[in-house]
Amino acid sequence: MVESAPCGRKTAEAGKAATSGNGTMTDNQLPIISLRGLTKSFGDKPVLRGIDLEVQPGHVLGYIGPNGAGKTTTVKILIGMLPEFEGSATVCGHDVAREPLEVKRRIGYVPESAALYDTLTPLEYLRFVGQLYGLDPQEVERRAREMLGLFDLTAELDRRMSTFSKGMRQKVLITAGMIHNPDVLFLDEPLSGLDANSVVTVKEIIARLARRGKTIFYCSHVMDVVERVCDRIVIINNGEIIADGSFEQLREMNKAASLERLFTQLTSSGGHEAVADRFIEAFEVESSAHG
Amino acid sequence: MVRLSLWLLDGLRPLFRLLGVDYGQLRATIQVKLTLDGRRRSGHMQGIEGKDRNVFVWTLFFYAFMGVFVGMVGVHTASPLVGLTIVHAFVMVMVGLSLIADFSSVLLDPTDNVILLPRPIDSRTLLVARVTHVTLYLGSLALSISAATLIAGAIVIGWWFVPVFLGTLACSVALVVFFVHVFYLLAMRLMDVERFRDVILYVQMVMTVVVVGAYQILPRLMDYKQLLSLQIDDRWWVYICPPAWMAAPVHLLAGHPSQAAVILTVLAVAVPVLGLTAVVGVLAPGFQRALAQAELNPVQRNEASVQPGRPRSWGYRLSRWVTGHPAERAAFELIWQIASRDRPFKMRTYPTVAFLLLFGCLFLLGDSREVAKTLAQLPETQKFLFLLYFACMMGPTAIFQQKFTTQPEAAWLYYALPLEYPGQVLLGAFKVMAIRFVALGFAAMAILALVIWRAAILGDVLFAACATLLVSALQAWLFARKFPFSEAFGMAQSSGRLGRSVLWMIFPAVLAGFHFVLRWIHPCTVVGAAPLVFILAVLMLRGYGQLTWPALLRASR
């Protein structure tokens, strides 16, 4: 019930050993994402402590970890939003530090924060984003209409997004992240706010993109989805990778029934049951007992 | 407006090519930013859903209109130095306030980074786009305010006025940009983002008051003979007065050569140039860095936003004395907290207190030009009545505004809780508004009145206080039957609005009239009548507090 501290290096190394003969398809190709000794601190607070990771094209990588573990920082470095870091990061053959623009042209990013200029309409927003990628405005509009229409947003194309629900904004952001046909997609909680049908649609899109050779870097807390969607899972905690492998491999190694179990085993000191009990006691018992 | 600016940009295309930027991306970015400017709600209109008109264009027209008044004052003065100092002062103040009040949301918004940075736009294109955007924004503001002056000056002084004035305008704007950047950097050092947003709110409120005040004061300035014949060449303080620097070039070239004028002209050109260099070289990048850092690791936020152990809020302390029923008390505490923090609410209510004071004073002065004489004659009049009952207008504003919020869905709470008498919530909210606004406004007016009329009117103040309470209670009883902070902002239903406004004014007028009659009978009757009025108010409030669900649901139909 109460597990000891994370397994740390042992699991990571064992995990890596298991994946070096990486199952699925394209092992001999050059990795499309490559991180070596990636280190980053904010002031004197270290966030990433030497991340080593290689991702082959056509994979869906689940990148999970507790809050503050360094997931978002890793992604921001990979997409060129954080130019200052130690170590090396290469995406699509281009060094992120030296050729950030080349990297940005080939990647798509859907942030967790659902940030967009909500006084614009979806068409206006996508037109703007498309132009930044150098696409012809008319082509952008054609793609936008098609993609948003498939997300059931045809009626809202000319309405300002300030009235949109979170799910609707998320759909626009997903569209914005893919409209320029990127080779690598960085998705941070892409399913949050989506209705059941759209969740299934997006999962299908991810699976098909992978089959077409695109690479997906998927950050999430929702373990069941990660379990099923990703063919490789990397768990990060305190700025270090502590597990890396396919779900079956990891499960076997740690005798865990689900990814959620595995995750809590590796990252927390446990005691969830005790916390739950005390929480309920806090409001069930009258404080007269404590004087 | 957007099209016009883009047309201008297209004309400058070769220049941008020369600067080494991607013109397509630049144009797209500026187009989006201008569109956003047009739809962004300024200060007092926060939270309201925008229509399809371009808000910014209306702002420009508004400023141009104000500019006419300013221009008239500027042209009527004997010396160009004085007149143009006033004009430039006005431009600098308005541009500066506008920049802080309306543009801060743009500068402080981290959304920009999240949207633009992952895209393949290089930093030079981005920087040029931002600079161009800000220049367009500020330039249009400055030009619209000074349009009237430009035309008037060209006619009165000559054609050469136009380029020189445009030059000094540019210098003024540059100087303002410098000052505002320094202000921002200081602010970022000294306080956290939340506190800073409050400061911005205060600036917005000040701006609203300044704008309304300007309309009242400017026309009076034109009759102020002393001002019109002023010569300030020889005053020592012109050297530290930036608007005076800006006025000097025209003054000099219009045939008033003096050592002072020459020095000032040099200052007018040199200081902004230095300032702008500092901004581009040091301040702006530093500011961007500070912003990026602040956004990327919110965990590092200044601890000032969370103050453990700070004294319990006034709301909690007062609630015990002022409220009876537990539901009423809970509502009082809640609404007190929200009213002290909700920005759109504060923005729509606090300036009214300032307006009250402003109009009160202006009313007392009337149309006279002899300020001192009028003041001396006041104690003989009964004008204090108007002052005291003016505060009755405070209540309606706060009470009417209290139901609006940017998060109306949060009101589900009232419906899900076991609330037997929803009137208790309304009563609690009323008391918050009564204490925070009506009492505040009344105290302001009462102090002003007591200062002028002294202790003779103490009894009247007492009666008026009770009467104000009664009127506010009546207004709440009739008009405030929706839960506080439960409705979205909207162009409020116009039907019934006129009737309501009229009624709001009638009650105070009736009570003021009653007060007047009592005084006429004998000035001391007011003291005796006050408790009666108070009891009446209390009874009315009790009824208010016992409003039932059916009554409330009727009201929301």
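Chain B folds into 24 helices and two strands, where helices (H or I, at least four residues) and strands (E, at least two) are DSSP runs numbered from the N terminus. The model is predicted, so to speak of local features a pLDDT of at least 70 is needed, side-chain atom pairs count only at pLDDT 80 or more, and totals for chains, interfaces and linings use all residues. Residues are numbered from 1 along each chain as its sequence is written, and side-chain values use heavy atoms, with hydrogens and water left out.

Of the 557 residues in chain B, 48% are buried, that is, under 20% relative accessible area with a 1.4 Å probe, protein chains only.

Turning to the partner chain, 29 residues of chain B are in contact with 30 residues of chain A, contact meaning heavy atoms within 4.5 Å. B:Arg39, B:Arg119 and B:Pro120 supply 25% of the area that chain B buries against chain A, more than any other three residues; buried area is the accessible area (1.4 Å probe) that two parts lose on being put together, summed over both.

One salt bridge is found across this interface, the term requiring a side-chain nitrogen of Lys or Arg within 4 Å of a carboxyl oxygen of Asp or Glu. B:Arg39 pairs in this way with A:Glu124, the closest N and O atoms being 2.8 Å apart. Helix H3 (23-39), helix H6 (111-116) and helix H12 (259-296) of chain B each give two or more residues to the side that touches chain A. The largest share, eight residues, comes from H3(B).

Terms used. Chains are lettered from A and ligands numbered from 1 in the order in which they are written. Buried means under 20% relative accessible area, exposed over 50%, partly exposed in between (1.4 Å probe, protein chains only).
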